[in-house]
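Student: Please show me the chain and its model. I would like to work through the fold by question and answer.

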Amino acid sequence: MRGIKYQRNAVLATVTGISVGLAGVLLFARSAPSGTPDDVPRAAAATQTGAAATRTGTAGAAVRGPGIPPAPAASQNAPPDPNPGAPTANLKRVAGALQLRHKSVTAVVTLPAGLGVTNRVDVSVLFGNGAQSQRITQAYNNASGNRFVANFAANDGQKRREEVTISLLEAVGNGDFTPYAVRSTVDLEPLYDISLGDFTAYLYDDCDAVGDSEPHVYWRFPDGTPEDVEVSMSAAETIPVPKLARTFTEVGQSASLKLPVFRVWEEDVEVFGFHGGLYRNGATPLLPGSRTRTVVGTFPAENDHSCNVKLSYRITYQLRQYPNL
């Protein structure tokens with residue numbers, strides 16, 4: 001099969017251009033006869049999409065490969081040859097060994113060493129599309145293999161699907177090049193370590209005529225776990241409440257964490273009956289929305305509205321990246 005006789009950069013751009021189709025599928029780009037840069041190869045029909053090709057967990061890495069679609073867990077549904085349209089033996093060998101891993105915002109494409117290709121094969125990986133896309137290009141390294149690592153934008157922690165397009169270009173001699181394109185998608189869920197801390201309570205006015213006031217604070221943590229603390233304080237006093245400090249590691253939007261809801265009860269006010277039902281479920285999600293901030297609110301005691309407590313705490317977000325997938 002004859003190659004396309006023009007510059008490698010132009011061919012890589014052409015291969016990227018032809019790898020447009022349904023999300024999550026493998027596309028075949030067969031080389032056309034030598035000609036001008038307008039002599040663009042056309043993409044052949046797509047193979048099976050393999051809906052189970054992605055395995056996503058809140059903190060787990062998803063893997064596709066070898067050959068990318070479908071994932072090993074779905075191999076019983078895979079065609080016997082994941083790259084039947086590769087136009088040369090070298091391109092078929094490289095395409096069949098591709099592996100794609102992703103976790104949080106990180107995506108890694110790898111090729112193993114020792115494939116023994118007989119011609120130079122350039123591998124160009126385009127992570128995403130549009131203004132935030134990233135392209136990494138390397139020649140296949142038979143001695144050590146290849147790693148292509150990119151971090152997508154966190155986009156405030158929003159779950160979404162991104163494209164990964166892998167363009168292969170084999171130098172077949174006499175200035176000719178043969179292209180092949182593999183396109184896949186990753187379902188990203190940015191993961192964070194979300195910490196609550198620096199919790200303080202401030203009492204505006206004394207709730208008791210004599211001695212300290214004892215406001216009792218009730219809340220649920222972002223994961224719904226109930227907690228409470230009784231503090232003893234006087235008017236215009238600020239005291240730390242370390243019991244709120246907690247970190248949720250490797251959590252994403254699917255963890256459904258919610259902003260805590262606080263309620264206060266003044267222990268020295270005698271009211272018949274048990275003051276239960278003070279734990280309220282949160283409604284405001286912590287993700288999307290990854291802005292580190294201080295949350296401040298004033299809460300009157302449920303049984304004494306003249307007893308007002310100001311509660312303040314800090315929420316911090318640390319984005320997780322996984323370059324060593």
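This is a predicted model: local features need pLDDT of at least 70, side-chain atom pairs count only at pLDDT 80 or more; totals for chains, interfaces and linings use all residues.

Tutor: Numbering starts from 1 along each chain as its sequence is written, and side-chain values use heavy atoms, with hydrogens and water left out.

Student: What is the mean pLDDT of the chain?

Tutor: pLDDT is the predictor's confidence in each residue, from 0 to 100. Over residues 1–58 it stays under 50. Residues 70–80 are also below 50. In the chain, 70% of residues reach 70 or more, and the mean is 78.

Student: How many strands does the chain have?

Tutor: Helices (H or I, at least four residues) and strands (E, at least two) are DSSP runs, numbered from the N terminus. The chain has two helices, and its strands number 16.

Student: Which residue of β7 is the bridge partner of Val 125?

Tutor: β4 (residues 121–127) and β7 (residues 160–173) run antiparallel and are joined by seven bridges. Ser 124 stands opposite Ser 167. The partner of Val 125 is Ile 166.

Student: Which residue of β5 stands opposite Leu 126?

Tutor: β4 and β5 run antiparallel, with six bridges between them. Their hairpin has six residues between the strands, and there Gly 128 takes a positive phi near 80 degrees. Opposite Leu 126 stands Arg 135.

Student: How many residues of β4 are buried?

Tutor: Buried means under 20% relative accessible area, exposed over 50%, partly exposed in between (1.4 Å probe, protein chains only). Val 121, Val 123, Val 125 and Phe 127 point one way from β4, and Asp 122, Ser 124 and Leu 126 point the other way. β4 is largely enclosed by the rest of the structure, because the buried count is seven of the seven.

Student: Which side chain makes a polar contact with the side chain of Asn 90?

Tutor: Asn 90 sits in helix α2. At 5% relative accessibility, Asn 90 counts as buried. Beyond four places in sequence, its contacts (heavy atoms within 4.5 Å) include Val 121 and Glu 170. A polar contact is a pair of N or O atoms within 3.5 Å; within protein, one must be able to donate a hydrogen and the other to accept it, and residues adjacent in sequence count only if both atoms are side-chain atoms; here the distance is 2.9 Å and the partner is Thr 118.

Student: Which hand does the disulfide of Cys 207 and Cys 307 have?

Tutor: The structure holds one disulfide (a pair of cysteine sulfur atoms within 2.5 Å). It joins Cys 207 to Cys 307, S to S 1.8 Å. Cys 207 lies in the loop between β9 (192–203) and β10 (215–220) and Cys 307 in β16 (residues 304–319), so the pair ties together parts 100 residues apart in sequence. The torsion about the S-S bond is about 70 degrees, so the disulfide is right-handed.

Student: What separates the C-alpha atoms of Ser 290 and Asp 156?

Tutor: Ser 290 lies in the loop between β14 (262–266) and β15 (293–301). At 22% relative accessibility, Ser 290 counts as partly exposed. Leaving aside neighbours within four places in sequence, Ser 290 is in contact with Asp 156, Tyr 192 and Tyr 317. Ser 290 and Asp 156 are 134 residues apart along the chain, and their C-alpha separation is 5.3 Å.

Key. Two strands pair if DSSP finds at least two bridges between them.
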